[in-house]
Amino acid sequence: MFQGESIEVLPLQDGLVELRFDRRGEAINKLDARTVDEFRQATERIAASPDVRGVLVTSAKDVFIVGADITEFGATFQQAEADIARGVRASNELFNAFEDLKVPSVVAINGFALGGGLELAMLAPLRVMADTAQVGVPEVKLGLFPGFGGTVRLSRLAGLATAIDWVASGKPAKAPAALAAGVTDEVAAPEALRDRALALLQRAVRGEIDWRAAQQRKRAPLALSKQEAGALVETARTQVAARSGKHQPAAIIALEMMAEAAGRDRAGALDLESAAFGRVAKTQAAASLVQAFLNDQALKKLYKRHAREGRQVKQAAVLGAGIMGGGIAYTSALRGTPVRMKDIAQPQLDLGMAEAGKQLAKQVKNGRLAQAKADAIRASIVPQLDEAGFDSVDCVVEAVVENLEVKRKVLAALEGSVKPGTVIASNTSSLRIDDIAQPLARPEDFVGMHFFNPVPVMQLVEVIQGAKTSNAAVSTAVGYAVAMGKTPIVVKDCPGFLVNRILTPYINAFVQLVADGADFEAVDRAMEAFGWPMGPAYLQDVVGMDVGAHVGDVIAAGYPQRMPALERNAVKLMVANKRYGQKNGAGFYRYENDPTGRPRKSAAPEAHALVATLQPQGRRDFADTEIVERMMLPMVVEAAHALEDGVVATPAELDMALLLGVGFPAYAGGALKYADWLGLDRVVALCDKHAALGAPYVPTARMREMAARKLRYYPV
Ligand SMILES: NC(=O)c1ccc[n+]([C@@H]2O[C@H](COP(=O)([O-])OP(=O)(O)OC[C@H]3O[C@@H](n4cnc5c(N)ncnc54)[C@H](O)[C@@H]3O)[C@@H](O)[C@H]2O)c1
């Protein structure tokens with residue numbers, strides 16, 4: 001009856017037809033422009049066929065429909081707000097046409113029905129869901145909300161409170177929750193799904209189910225007074241605001257729109273939804289979060305290539321059972337790669353095992369792990385004082401003390417205990433991979449794997465390729481990091497690698513601002529208001545002032561032109577006064593443990609008094625915008641340098657590293673996405689405005705060229 005690239009309509013018995021989503025040549029179904037157009041054609045064909053008495057909607061894939069095609073968003077969102085709104089409103093008419101068919105329909109939801117997939121499923125009067133399937137509207141994670149009538153129909157099927165919860169959280173629901181919410185009419189075992197859906201359709205055709213009433217309910221306003229809707233929204237608002245990321249307004253905009261739309265009929269409610277969708281589509285958060293999603297997809301594709309080119313790490317080892325080594329061993333075992341953990345001190349091994357035991361007990365207590373499984377994971381970490389069994393490991397991660405001579409000695413000895421081809425990775429945070437590699441006989445097997453503290457929590461791993469590191473070793477390290485559930489980014493060997501190199505000019509800008517008279521608490525407030533989880537002073541306290549100062553020295557030595565050591569340096573002053581930050585209770589702030597053992601921060605007048613000694617001209621007030629410009633521009637400039645120097649291959653990798661490694665505000669998407677949002681012409685103009693501040697504010701020639709030619713780091 002209809003045959004497209006993504007949809008076919010086939011006749012069944014007794015005047016029934018099956019509309020089947022089966023995207024040619026792909027493993028999943030998605031709602032791209034082509035599929036939406038085919039859906040329009042299929043609907044028209046069905047509407048024009050007097051013989052059709054009912055429609056069964058199915059998927060031939062493991063999923064139902066995973067959502068819209070996010071690669072199409074960029075171009076669409078370039079349009080003006082009103083045009084975006086008009087576009088989605090027009091698509092809504094196609095969806096309405098299916099909802100307004102004169103015959104009943106039943107959707108068989110066999111797997112994920114997310115975003116546009118669920119919106120489409122809600123067009124039918126009836127749904128049956130496999131007990132293994134999940135439904136949801138995750139658009140908020142992209143800085144958006146459903147724009148194909150999802151907020152309207154979900155409110156009418158599940159009630160306003162549940163709809164707000166689903167839209168604002170973006171969390172998918174399993175079958176029992178979907179049934180309780182009224183989003184599905186029945187739940188079936190996967191193998192019985194089709195028969196159950198067909199039986200329901202036949203009952204509707206026979207008039208045993210009032211499917212017209214179900215459709216009518218979705219066209220009418222909600223049976224809720226304005227006051228009731230208002231009260232409900234006020235209750236939800238605080239929770240939704242608390243759950244939303246900084247400068248991510250989609251959930252709040254959705255909430256307000258849904259409350260107003262509750263009192264409108266379908267056409268009126270869809271008008272509101274489309275108009276509000278146009279608004280959120282133009283936000284910085286939507287632009288950045290959509291880009292981050294695409295960047296993540298691009299990384300996953302890269303990982304597939306590395307998996308082909310590297311060797312699988314079936315057995316690993318770590319050297320050093322300290323903070324990092326212990327964390328790496330635990331994470332490796334937890335994610336299924338058994339690991340030998342070697343240290344030179346038995347107490348350190350005991351500590352490492354105790355820490356792993358503590359983490360596993362927590363997982364068991366939270367119900368995330370069965371006790372037997374936790375025991376097996378613990379048993380897959382073998383603590384040892386020698387290198388027994390190292391001849392059968394695929395990768396060793398070295399995490400001994402940060403000292404070049406010690407590392408060289410330890411690694412040269414290690415080469416004798418492992419087979420050629422075993423990848424040796426150093427978790428150095430500041431030494432050059434090529435320097436460490438110097439005495440090694442097989443530098444091609446040697447790579448950097450820079451994990452972040454605490455290892456079980458931090459997502460990023462910088463995989464550092466030295467001049468002699470083989471591509472196979474890099475791919476093996478990437479594969480191992482992926483197996484550990486991490487997001488590895490391959491970077492070239494340079495001082496500070498990628499993340500510390502780009503973070504340092506930001507910290508330097510802070511040091512300079514304070515030297516120029518800024519109140520460090522005011523800088524923290526401005527940067528937290530901008531979107532950072534913590535301001536730079538607080539960040540230095542958390543990282544540890546001694547660690548921060550050391551990183552600063554390494555970078556100053558590595559890039560003396562652009563990031564020389566600064567005089568009147570507040571971070572160094574804190575170190576000199578043994579104010580190391582959170583770890584010893586005193587830094588820019590004071591820390592005392594609350595009853596749950598968490599450090600609580602409070603103002604430290606003595607830190608202010610110390611800093612005042614660095615401010616010969618006294619305190620000066622800076623406007624928040626000036627603080628933000630002075631802090632963010634050097635970061636953007638250094639990101640441009642790093643990209644131009646080939647430290648990473650793509651803007652996507654650079655920005656992902658910043659999002660995951662330093663808590664770069666998600667709504668701004670990373671330094672390069674942020675530059676794109678501002679526009680390179682504006683970035684360059686702002687740099688010129690602050691030119692008196694020196695080298696960190698000098699844009700690269702390429703940045704100037706991009707500004708002149710209106711180029712961007714990302715296609716759209
Ligand atoms: N702590 C962090 O935040 C962090 C973050 C990223 C990278 N790193 C890097 O990770 C490495 C380890 O740091 P850490 O904080 O875990 O240090 P740590 O002091 O907690 O642990 C070092 C461990 O190495 C052991 N060790 C020393 N010589 C050894 C040898 N010859 N063989 C086996 N074990 C030996 C020590 O007994 C100790 O248990 C350093 O290179 C550091 O720069 C640390």
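Guide: Before we read the sheet, one idea is needed: two strands pair if DSSP finds at least two bridges between them. Please also keep in mind that this is a predicted model.

Visitor: In what order do the strands of the open sheet stand?

Guide: Eight strands form the open sheet, and they follow one another as β13-β12-β11-β14-β15-β16-β17-β18, with mixed pairing. The edges are β13 (381–384) and β18, each of which pairs on one side only. On average, and with direction ignored, neighbouring strands of this sheet are turned by 25° against each other.

Visitor: How many bridges join β17 to β18?

Guide: Six bridges join strand β17 (residues 460–465) to β18, and the two strands run parallel; within this pairing, Val463 has Val490 of β18 as its bridge partner. Together with helix α19 (residues 471–483), β17 and β18 make a right-handed β-α-β unit.

Visitor: Is strand β18 mostly covered or mostly uncovered?

Guide: A residue counts as buried if 20 or more other C-beta atoms lie within 10 Å of its own. In strand β18 (residues 487–492), five of the six residues are buried, and the strand is thus mostly covered.

Visitor: Which residue is the bridge partner of Leu319 in β12?

Guide: That partner is Lys342, and the strands concerned, β11 (residues 316–319) and β12 (residues 339–342), pair in the parallel sense over four bridges.

Visitor: Which residues come nearest to the ligand?

Guide: Of the 22 residues around the ligand, Gly320, Gly322, Met324, Glu402 and Asn453 come nearest. Helix α14 (residues 323–334) gives the most to this shell, with three residues, while the shell as a whole divides into eleven nonpolar, eight polar and three charged residues.

Note on methods
Residues are numbered from 1 along each chain as its sequence is written. This is a predicted model: local features need pLDDT of at least 70, side-chain atom pairs count only at pLDDT 80 or more; totals for chains, interfaces and linings use all residues. A residue is buried if 20 or more other C-beta atoms lie within 10 Å of its own, exposed if 12 or fewer, and partly exposed in between; C-beta atoms are placed from the backbone. A crossover is right-handed if, with the strands pointing away from the viewer, the path from the first strand over the helix to the second runs clockwise. Axes are lines fitted to C-alpha atoms, for helices over the stretch in contact, and angles run from 0 to 180 degrees between N-to-C directions. A residue is near a molecule or strand if its C-beta atom, placed from the backbone, lies within 6 Å of it. Ala, Val, Leu, Ile, Met, Phe, Trp, Tyr, Cys and Pro count as nonpolar, Asp, Glu, Lys and Arg as charged, and the others, Gly among them, as polar.
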